[in-house]
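I opened this notebook to record what I looked up in one model.

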Amino acid sequence: MYHLLALYLISCVVPLSLAQDFNLPFKAVNLGNWLVTEGWMKPSLYDGIPNNDLLDGTQVQFKSTKLQKYIAAENGGGSGSVVVVNRDSASGWETFRLWRIDESSFNLRVFNKQFVGLPNQDQGTGLIAVSDSPGNTETFRIVRNDGDQNRVRIQASNGLFLQATSETQLTADYGGSGWEDDNPSVFIMTILSDKTLRGEYQITNGYGPDKAPQVLQDHWNSYITEDDFRFLRSNGLNAVRIPVGWWIAKDPTPPKPFVGGSLQALDNAFTWAQNNGLKVIVDLHAVEGSQNANDHSATRDGSQEWGDSNIQDTVAVIDFLASRYANHPALAAVELMNEPMAPGVNLDSLKNYYKAGYEAVRKHTSSAYVILSNRLGPADAKELLSFAGGLDRVAIDVHFYSLYSDMFNSFSVQQNVDFIYNQRASDLDAVTTSNGPLTFVGEWVAEWAINGASIQDYQRFAKAQIDVYGRATFGWAYWAYKCQYDHWGLRWMIENNYIKLN
C-alpha cells in the first residue's frame with residue numbers, strides 16, 4: 001500500500017510542479033481587435049476610408065447595361081483566358097476580387113487567381129486574364145456615377161474605357177462619355193456584401209501610408225490600456241492571450257501596407273501584465289500567406305495560401321517573439337499559429353512548422369509553454385496528440401463556439417446548456433491525456449443563436465462553459481475583452497453581472 005501511495009504521489013508531482021509555475025489553469029481573455037484588426041468588432045475604425053465599400057478582397061460583378069450580360073473570365077482565368085461579356089447570371093468566373101491600389105484604382109483578380117489585363121496598350125485589344133502578378137497593364141480605375149454609386153465605368157491603363165460592343169470580347173478602346181443605358185462603357189457593379197473583408201490589410205491599405213499610421217496608433221493607444229489589466233486582475237482573470245500579426249517582427253518598418261507601432265504596444269502589454277500579476281500568451285494570429293482565409297489572418301483577398309514555402313519566414317517571426325520576451329517574467333506561452341484551416345493547411349506541413357517553431361522557442365526559453373492550435377474544418381481533433389506527446393511543455397488549443405453551424409440554430413436554451421455539459425465536455429476529454437500535452441480552450445464566448453434570451457439564460461450558458469472549460473489543464477480564454485456586440489466583450493459581461501469569476 002505504501003508503494004502504491006508513493007507511486008501515486010510521484011505521478012502527481014510533475015503536473016503539479018508545472019501548474020505552480022504559472023498558476024495553471026489560466027482564466028484568460030483574448031485582446032482581440034487590438035494588434036490585429038477585426039472590423040466586425042469595431043466597424044467605425046473603417047469609417048474614414050474613402051470608397052470603404054471597395055477595400056481589398058471585396059468581390060464584385062459587372063453587368064453591361066447595353067448587352068444586359070455579365071463580364072466573365074473564360075475558364076476562370078489562366079492560359080488563353082479572354083474576358084467576355086456573355087453571361088446571363090453571375091457565379092465564380094463572373095466574380096472579381098479587388099486589389100486596391102488607391103481609392104479608385106484596382107487590380108481585378110479572377111477565380112483561378114490571375115489578373116485581368118490589357119495585353120497591348122497601343123492597340124486597345126481585348127482584355128485577357130492570364131497574369132499571375134499585376135502591374136500597370138492590370139490596373140483599372142473604377143469611376144462611379146455620383147447619383148448611383150453602383151453604376152460605373154472602368155478606365156484601363158491606356159486611358160480609354162472598357163466597352164461591351166460584342167459578347168465575345170471586352171475591349172479597352174472607348175473614348176466617349178455619358179451614363180445612358182445604351183452606352184457600351186457603362187456597367188452595373190454588384191458588391192457581394194456577405195463576402196467583404198475587414199482586417200489589418202483592409203484598414204492599412206484603405207487609409208494608405210499617409211493616414212494609416214496615425215489611425216492605428218490612436219487605436220492601439222486607446223483600445224487597451226493598463227486600466228484594463230487592472231480590471232482583469234481585480235475580477236479573477238490571471239492571463240491575457242494577445243493576437244499579433246507576422247509584420248510585428250519587421251517593426252518599425254514592416255512591408256507595406258502594414259504599419260509600425262504594434263511592437264511597442266506589445267511591449268507595453270508585457271509591462272502592464274507584470275505590474276498587475278498577469279501572464280501573457282503571445283498568439284501569432286495572422287501569418288504571411290494566410291492560414292485560414294479569414295480577415296483576422298490579415299489576408300488581402302480571402303485566399304488561403306500559407307504552405308511549405310512560408311514555413312521559414314513564419315518560424316522567423318516566432319524566433320523574434322521568443323527571443324524578445326523569453327526572459328520577461330510575464331511570458332507564459334507562445335502560440336505558433338491561430339486556427340489553421342483544413343484541408344488548405346495540410347497536416348504534414350503544419351507538423352513540420354510546429355516542430356521548427358517549437359525548437360525556435362526552446363532556443364530561448366525552456367519554461368515558456370508552446371501552444372499548438374488544432375486545425376479547423378474537416379480534421380481529427382486528436383491528430384496532434386501523438387506528435388505533441390514528444391514535446392515538452394506544450395498545450396493543444398481548441399476553440400469552442402456554439403455558433404457557425406446550422407445545428408445550433410434550432411437549439412433551445414436548455415439544449416445549448418446540455419450541449420456544453422455533454423458534447424463539449426466529451427470534445428475536451430478527447431484531447432486530454434494523462435501524460436500528453438495540456439489542453440487550452442483558447443477561444444469561447446457566451447453568445448449563441450438564440451434571440452431574446454434573459455440575463456439568467458446567459459448566466460446559465462456562461463456558467464456551463466466555465467464549469468466545463470475550467471477542466472482544461474492549461475486553461476481557457478474568452479473571446480474577447482471588448483466588442484461592439486456586448487456579449488462578446490468580457491468586460492461588459494462582468495460589469496453587467498452576466499459572468500462572475502471571483
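**Salt bridge across the domains**

I began with a charged pair: arginine 109 forms a salt bridge with glutamate 305, and their closest N and O atoms are 3.3 Å apart. I took a salt bridge to be a side-chain nitrogen of Lys or Arg within 4 Å of a carboxyl oxygen of Asp or Glu. I note that the model is predicted, that local features need pLDDT of at least 70 and side-chain atom pairs count only at pLDDT 80 or more, while totals for chains, interfaces and linings use all residues. Residues are numbered from 1 along each chain as its sequence is written, and side-chain values use heavy atoms, with hydrogens and water left out.

**Domain bounds and interface**

I looked up the domain assignment, whose bounds come from an automatic or database source. It gives domain 1 as 26-48 + 197-496 and domain 2 as 58-195. The C-alpha centres of domain 1 and domain 2 lie 38 Å apart.

I then asked how many residues of each domain are in contact. With contact meaning heavy atoms within 4.5 Å, 9 residues of domain 1 touch 6 residues of domain 2. The area buried between the two domains is about 780 Å², and carbon and sulfur atoms give 29% of that. Buried area here is the accessible area (1.4 Å probe) that two parts lose on being put together, summed over both.

I counted 3 salt bridges between domain 1 and domain 2. On the side of domain 1 that touches domain 2, I found 1 nonpolar, 5 polar and 3 charged residues. In this scheme Ala, Val, Leu, Ile, Met, Phe, Trp, Tyr, Cys and Pro are nonpolar, Asp, Glu, Lys and Arg are charged, and the others, Gly among them, are polar.

**Salt bridges in total**

The count by the salt-bridge rule comes to 23. One I looked up joins aspartate 53 and arginine 144, with the closest N and O atoms 2.9 Å apart. Aspartate 53 lies in the loop between E1 and strand E2 (59-64) and arginine 144 in strand E9 (residues 139-144), so this pair ties together parts 91 residues apart in sequence. Helices (H or I, at least four residues) and strands (E, at least two) are DSSP runs, numbered from the N terminus.

**Backbone geometry**

Which peptide bonds are cis? The bond from leucine 24 to proline 25 is cis, with omega near -5°. Proline 25 lies in the loop between helix H1 (2-22) and strand E1 (26-30). The bond from aspartate 251 to proline 252 is also cis, with omega near 10°. I placed proline 252 in the loop between strand E14 (239-245) and helix H4 (262-275).
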